[in-house]
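Subject: Structure for you to look at

Hello,

I am passing on the structure we talked about, and my notes on what is in it follow below the display. Please read them with the model open.

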Amino acid sequence: MEENFNKVDLLGRWLGGSLSEAEEQGLKARPGFAEYERLAQTAKELQRPAYDAQGALAELKERRKQLGAPAGTGEVKGAKVLRLNPVYWMGAAAAVLLLITAIFLLRPGADLELMAAAGTTEQADLPDGSSVQLNAVTSFAFNGDEVERVVKLDGEAYFEVKKDGRPFTVNTPRGKVRVRGTSFNVYSREGVMRVSCSTGKVGVSFESSSPDAGQGEADTYTLTPGQSVSIDANGLVSEASIPDNESLDWLNGRSVFNARPLSEVIAELERQYDIEIQLPIGQDLEQLINTGFPHDSLDLALQIALLPLESLKYQRQGEKVTLSPK
């Protein structure tokens, strides 16, 4: 049992909910399992409350009405707005009157930009009636006209797209996603891109096999609910049926990793908690592990995320976390 435990990361797959009944029974029989179970239960209880998008939108509209803002502008937090250029001169040469006019206006086709900083998420309703939620350390820009709707994304975001006859395209450094009315998640970081479909159909095409290669796109992949497709930094494309607990984990205030490189786990911990993690010299960052962690408690997150790595311990000093051999 001990040899098998070390090889297949039973604890990590248990956190991800992918153990067979026999494996789970064997794991529960291990000494110290009660402590693992306590940590996992605490993580579940630390999930963030659901975001009331409709309520937030209604509150925003009411505030705008009270401030006398133009109706129907659709301004949201972090939005890029248009301002009229100020008039710098008026009157005689002996007197200069400076008039500054700042009119906040989001008309059809105007740009909208959002940014989610480390340790935060952002949510916004788009001018076309769609909505987007951004994970930590994500930048987003939207542009719409009478012909199409286009998004530029760097990071991770979940989209709920309203069907209105115009195509909706998400461009990333690694490829693009094209839909008309559906919901889906896009992850695009450090040469890796993953797309998972929640409802409707999603079309995905990737740039040429290497980020440094010439321009060109691979075949288009069509996803239906529960399906995903990804491309890694080396250009390897993989199609899979991905569990909701991984593809949409961050929307529920946690991160889940099924057979992901240690480097990806470390990077996500740094983004969610705005910290710097120092690893032992020679640590294998390409090691695939199964693990997860909540977004509400750094100490708990570190304990749970490191469960599959029994040889490592951590020490915190402010915003710096050092991992070292036990």
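This is a predicted model: local features need pLDDT of at least 70, side-chain atom pairs count only at pLDDT 80 or more; totals for chains, interfaces and linings use all residues.

A residue is called buried when its relative accessible area is under 20%, exposed when that area is over 50%, and partly exposed in between. By that rule, 41% of the 326 residues in the protein are buried.

Confidence

The mean pLDDT is 76, and 65% of the residues reach 70 or more.

Overall make-up

The secondary structure consists of eight helices and 18 strands. Taking contacts between residues at least 6 apart in sequence, 47% join residues at least 24 apart. The protein exposes about 17,600 Å², of which carbon and sulfur atoms supply 51%.

Nonpolar side chains tend to be buried together in soluble globular proteins. Here the largest nonpolar core has 30 residues, and the members that touch the most others are Phe140, Phe159 and Val177. Strand 5 (residues 149-160) gives this core its largest share, four residues. Leaving aside residues up to four places away in sequence, Phe159 touches Ser131, Val132, Phe140, Val151, Leu153, Phe168, Val170, Thr182, Ser183, Phe184 and Val186. There is also a second, separate core of 19 residues, with Ile277, Phe293, Leu306 and Leu312 among them.

Three strands make an open sheet with mixed pairing, in the order 15-18-17. Strand 15 and strand 17 are the edge strands, each pairing on one side only. On average, neighbouring strands in this sheet are turned by 20 degrees against each other, direction ignored.

Strand 15 (276-278) and strand 18 (residues 320-325) run parallel and are joined by three bridges. Within this pairing, Glu276 has Lys320 of strand 18 as its bridge partner, and Ile277 has Val321. Strand 17 (residues 312-317) and strand 18 run antiparallel, with six bridges between them. Tyr314 stands opposite Leu323 of strand 18. Strands 17 and 18 form a hairpin with two residues between them, and Gly318 in the turn has a positive phi of about 65 degrees.

Which strands does helix 8 touch where it packs on the sheet? Helix 8 touches strand 17 and strand 18, and its direction makes about 165 degrees with that of strand 17. Helix 8 (residues 298-305) is mostly covered, with six of its eight residues buried. The buried ones are Leu298, Leu300, Ala301, Leu302, Ile304 and Ala305.

Loop residues to check

Most residues other than glycine have a negative phi. Two residues in this model depart from that pattern.

- Val137 is not a glycine, yet has a positive phi of about 55 degrees. Val137 is found in the loop between strand 3 (131-134) and strand 4 (138-144). Its relative accessibility is 32%, so Val137 counts as partly exposed.
- Asp274 also has a positive phi, near 50 degrees, and is a residue other than glycine. Asp274 is placed in the loop between helix 7 (262-273) and strand 15 (276-278). Its relative accessibility is 43%, so Asp274 counts as partly exposed too.

Asn135 is in the loop between strand 3 and strand 4. Is Asn135 buried or exposed? Asn135 counts as buried because its relative accessibility is 1%. Apart from residues up to four places away in sequence, Asn135 touches Ala116, Thr120, Thr121, Glu156, Arg189, Trp250, Glu268 and Gln272.

Regards

Notes:
Residues are numbered from 1 along each chain as its sequence is written. Side-chain values use heavy atoms; hydrogens and water are left out. Buried means under 20% relative accessible area, exposed over 50%, partly exposed in between (1.4 Å probe, protein chains only). A nonpolar core is a set of buried Ala, Val, Leu, Ile, Met, Phe, Trp, Tyr and Cys residues joined through side-chain atoms within 4.5 Å. Contact means heavy atoms within 4.5 Å. pLDDT is the predictor's confidence in each residue, from 0 to 100. Accessible areas come from the Shrake-Rupley method with a 1.4 Å probe; for residues, only the protein chains shown count as cover. Two strands pair if DSSP finds at least two bridges between them. Axes are lines fitted to C-alpha atoms, for helices over the stretch in contact, and angles run from 0 to 180 degrees between N-to-C directions.
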